[in-house]
Amino acid sequence: MMRQVNVAVLGAGTVGGGVVDAIRRNGRLMASRLGIELGVHRLVVRDTRKRRDFDTNGAKVGADWREAVVDPRTDIVVELVGGTTTAREMVLAALQAGKPVVTANKALLSAHGEELFAAAREGGANLYYEASVAGGIPIIKVMREALIGNRVTAAYGILNGTCNYILTRMRAEGAEFETVLKDAQRLGYAEADPSLDVDGIDALHKAGILASLAHGFWVDVKKVAAEGIRGVTPLDMDFSGRLGYTIKLLAAIKLEAPKAPARGGKAAKAGASGLRISVTVCPTLVPNHHVLASVSDVFNAVFVRGDIVGDTLYYGRGAGRNATASSVLSDLADAALDLRCGERQRLPPFVPHEEFGALMAPGDVVSSHYLRLSVTDKPGVLARIAAILAKEQIGISSVIQPEGHEGASVPLIFMLHHATRSAVDRALKSIRRLPVVTGEPALFRVETFE
Ligand SMILES: NC(=O)c1ccc[n+]([C@@H]2O[C@H](COP(=O)([O-])OP(=O)(O)OC[C@H]3O[C@@H](n4cnc5c(N)ncnc54)[C@H](OP(=O)(O)O)[C@@H]3O)[C@@H](O)[C@H]2O)c1
């Protein structure tokens with residue numbers, strides 16, 4: 001029997017408007033697939049006088065979100081307001097009232113995920129968040145459901161479309177970061193204040209959600225040092241290209257080898273299994289032959305390696321009105337089906353599992369690196385830098401001093417073997433002190449996907 005489910009949409013901006021519009025367009029199609037009719041009966045905005053560029057389709061438009069949440073006819077609440085203050089109150093109020101919530105808010109989940117999941121458990125209502133990571137790519141469903149039989153040994157993501165657009169154009173045109181950023185702002189791909197995107201914070205929020213889902217403990221992203229793309233220059237794009245790489249803002253989540261037990265046989269701090277995970281978000285050299293190197297413009301991609309399935313790839317638009325609305329619709333369908341089946345938590349939003357529990361400190365993460373220095377062009381410079389690297393046990397796999405650079409300062413590029421980030425940082429600190437080193441060094445991870 002067809003059932004009507006009433007949805008209160010809080011926030012009718014880019015995504016909220018897209019959701020209302022998509023339900024108007026495809027609501028009938030969804031109803032024929034689900035046997036449930038989804039209807040937006042309330043729409044909550046800050047400014048009720050603002051003209052909307054979509055058909056509100058008979059929904060009651062108001063500014064009082066509490067009234068919409070507690071309305072006994074509201075079956076599902078969709079939070080598309082953004083931010084971490086009012087949005088947190090909205091989600092908590094709905095969950096405490098036992099109403100399922102759909103959100104696209106990665107900043108909120110990143111900051112208050114544990115509290116919200118606890119509220120969902122206590123309220124007996126579910127929290128759905130497909131649109132919070134990688135926009136239209138159904139990666140949450142993949143992690144939670146499709147790959148449920150796998151241990152995720154590694155996941156790599158290009159998770160921020162703004163950064164990917166800027167890096168793609170820098171590489172194609174040899175353009176400066178600031179020039180492309182201005183274009184991105186003009187085209188609506190970057191905010192007036194772009195820091196959340198270009199400083200890697202948005203990608204970090206998403207990486208934290210994916211890491212938590214994959215490994216069964218809530219990863220505190222405050223313990224991860226995200227690096228953004230402001231330090232990437234056309235020179236680095238050029239040199240990395242000549243070395244066979246493309247620079248991407250890459251989130252890497254890896255299951256690491258167990259820590260050696262402490263002397264005396266004490267179990268390592270990392271929980272019963274001693275396993276640890278690393279999470280990094282930073283500009284990374286990706287080999288040109290790897291599929292992630294060809295993900296360009298505003299597109300996102302997530303590459304997931306499961307111990308049973310092997311390598312898998314998910315690609316699509318990581319943001320935007322329609323792509324994000326598509327993921328919200330998927331969550332709405334799940335929420336409606338769960339309500340119909342009386343299973344308010346068929347699959348709880350986040351299930352703590354495994355005893356891993358340990359996130360590696362950023363300084364302990366081992367990786368290869370690309371290091372570009374500006375140095376005074378005179379004999380003995382290379383030997384002095386190599387000596388500092390050797391002192392930290394950092395091997396050099398190649399050194400390039402490109403032709404055609406003349407003057408007081410010339411670029412010198414090192415590809416460094418695997419070393420901990422703290423060893424590389426210590427070496428860099430000493431290298432910076434050399435009088436022959438001029439200008440700001442560039443240090444990026446190199447990912448081999450092994
Ligand atoms: N934009 C994307 O492509 C995208 C992609 C993935 C995820 N997300 C996430 O989706 C969420 C929404 O993003 P968005 O881009 O759609 O934001 P947006 O365009 O700024 O829209 C925000 C909406 O919330 C309303 N609002 C703000 N404060 C309110 C309050 N106190 N009470 C009631 N309504 C309030 C605004 O009302 P007025 O219209 O009256 O100002 C507006 O309609 C965010 O969490 C974002 O991170 C966005």
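This is a predicted model: local features need pLDDT of at least 70, side-chain atom pairs count only at pLDDT 80 or more; totals for chains, interfaces and linings use all residues.
Q: Which strands form the edges of the open 6-stranded sheet?
A: The open sheet has 6 strands with parallel pairing. Their order is β3-β2-β1-β4-β5-β6. An edge strand pairs on one side only, and that holds for β3 (60–62) and β6.

Q: How many bridges join β1 to β2?
A: In the sheet order, β2 stands between β3 and β1. Strand β2 (residues 36–44) runs parallel to β3, with 3 bridges between them. β1 and β2 also run parallel, and the bridges joining them number 8.

Q: Which residue in β2 is the bridge partner of Val-7?
A: Parallel bridges join β1 to β2. β2 is mostly covered, with 8 of its 9 residues buried. On its β3 side, Leu-43 has Val-61 as bridge partner. For Val-7, the partner in β2 is Val-40.

Q: What angle does the direction of α3 make with that of β4?
A: Helix α3 packs on the sheet. It touches β1, β4, β5 and β6. Angles over 145 degrees count as roughly antiparallel. The direction of α3 makes an angle with that of β4 of about 170 degrees.

Q: Which residues of helix α3 are buried?
A: The cover over the buried residues of α3 includes the strands β1 (3–10), β4 (76–79), β5 (101–103) and β6 (127–128). Helices α2 (65–70) and α4 (106–123) are also part of that cover. Within α3 (residues 86–96), the buried residues are Ala-87, Met-90, Val-91, Leu-92, Ala-94 and Leu-95.

Q: Which residue with a positive phi follows α3?
A: Helix α3 spans residues 86–96. After the helix comes a residue whose phi is near 80 degrees. That residue is Gly-98.

Q: What does Ile-229 contact beyond its neighbours within four places in sequence?
A: Ile-229 is among the residues with the most contacts inside the largest core. Leaving sequence neighbours aside, its contacts are Cys-163, Ile-166, Leu-167, Phe-177, Val-198, Leu-249 and Pro-283.

Q: Are α6 and α10 roughly parallel or roughly perpendicular?
A: Helix α6 (residues 161–173) and helix α10 (residues 234–242) have axes 9 Å apart. They pack at an angle of about 70 degrees. Angles of 65 to 115 degrees count as perpendicular. The two helices are therefore roughly perpendicular.

Q: Which residues of α10 meet α6?
A: By class, the contact has 4 nonpolar, 1 polar and 1 charged residues. From α6 come Leu-167, Met-170 and Arg-171. From α10 come Pro-234, Met-237 and Gly-241.

Q: Which residue in β15 stands opposite His-369?
A: Strand β15 (residues 437–446) has 7 of its 10 residues buried. Leu-285 has Val-446 as its bridge partner. Opposite His-369 stands Arg-445.

Key. Residues are numbered from 1 along each chain as its sequence is written. Side-chain values use heavy atoms; hydrogens and water are left out. Buried means under 20% relative accessible area, exposed over 50%, partly exposed in between (1.4 Å probe, protein chains only). Helices (H or I, at least four residues) and strands (E, at least two) are DSSP runs, numbered from the N terminus. Contact means heavy atoms within 4.5 Å. A nonpolar core is a set of buried Ala, Val, Leu, Ile, Met, Phe, Trp, Tyr and Cys residues joined through side-chain atoms within 4.5 Å. Axes are lines fitted to C-alpha atoms, for helices over the stretch in contact, and angles run from 0 to 180 degrees between N-to-C directions. Angles under 35 degrees count as roughly parallel, over 145 as roughly antiparallel, 65 to 115 as roughly perpendicular and the rest as oblique. Ala, Val, Leu, Ile, Met, Phe, Trp, Tyr, Cys and Pro count as nonpolar, Asp, Glu, Lys and Arg as charged, and the others, Gly among them, as polar. Two strands pair if DSSP finds at least two bridges between them.
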